[in-house]
Amino acid sequence: GEWAGIRLGLTDTGSRALIGLRVLVAMPDADERGLAALVAEQAGAAVVRVQGAREALAASRRAASSRAPFDLALVAAEAVDPTLLDDLAGVPLLVVDGEDSPYRFALDRWPDCLGVLGRPLGRRQLLAATLRAKTSPFGI
């Protein structure tokens, strides 16, 4: 099939289209966090996995101070309080939400938000979204 102009063949899940990108995955659910990280890693990205907002902000600060900031953050809406996002300023966000989190609206309005992914997450959905983010005129 095709999504947002990106052709998705069976071999795309193993493509190396994200080589060189640093991706932060912030999701409280271990299975969801593992799936998102695995898809990005299989596409060639260097991934840092964290459970919540405090860890995401600390990882972002460390990455920025080492002059290797994240190119993309995949975050669950319930994992990141938008009032604490200053340390992620400039990092394109893909927000995951399926339960209308109280933070979803604020995250969706965040200047660096590239979109919201619904649940349940799938491998192709994640790959297509990260590839779309990579080719976005807003970043990466």
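Where does Val95 sit? In this predicted model, Val95 belongs to strand S6, which covers residues 93-96. With a relative accessibility of 0%, Val95 falls under the 20% limit and so counts as buried. Setting aside neighbours within four places in sequence, the contacts of Val95 are with Val75, Ala77, Leu107, Cys113, Gly115, Val116 and Leu117. As for Ala79, 16 residues away along the chain, its C-alpha atom lies 9.8 Å from that of Val95.

Stepping back to the whole protein, the fold is built from four helices and seven strands. Read from the N terminus, the order is β-β-β-α-β-α-β-β-α-β-α. Of the 140 residues, 46% are counted as buried. The exposed surface comes to about 7,100 Å², with 52% of that supplied by carbon and sulfur atoms.

Then there is the pairing of two helices, H1 (residues 30-42) and H4 (residues 123-134). Their axes are 10 Å apart, and the helices pack at an angle of about 55°. H1 and H4 are therefore oblique to each other, and H1 passes H4 in a right-handed crossing. On the H1 side, the residues involved are Leu35, Ala36, Leu38, Val39 and Gln42, while H4 brings Arg123, Leu126 and Leu127 to the contact.

Note on methods:
Residues are numbered from 1 along each chain as its sequence is written. This is a predicted model: local features need pLDDT of at least 70, side-chain atom pairs count only at pLDDT 80 or more; totals for chains, interfaces and linings use all residues. Side-chain values use heavy atoms; hydrogens and water are left out. Axes are lines fitted to C-alpha atoms, for helices over the stretch in contact, and angles run from 0 to 180 degrees between N-to-C directions. Angles under 35 degrees count as roughly parallel, over 145 as roughly antiparallel, 65 to 115 as roughly perpendicular and the rest as oblique. A crossing is left-handed if the near helix is turned anticlockwise from the far one by less than a right angle, and right-handed if clockwise. Contact means heavy atoms within 4.5 Å. Buried means under 20% relative accessible area, exposed over 50%, partly exposed in between (1.4 Å probe, protein chains only). Accessible areas come from the Shrake-Rupley method with a 1.4 Å probe; for residues, only the protein chains shown count as cover.
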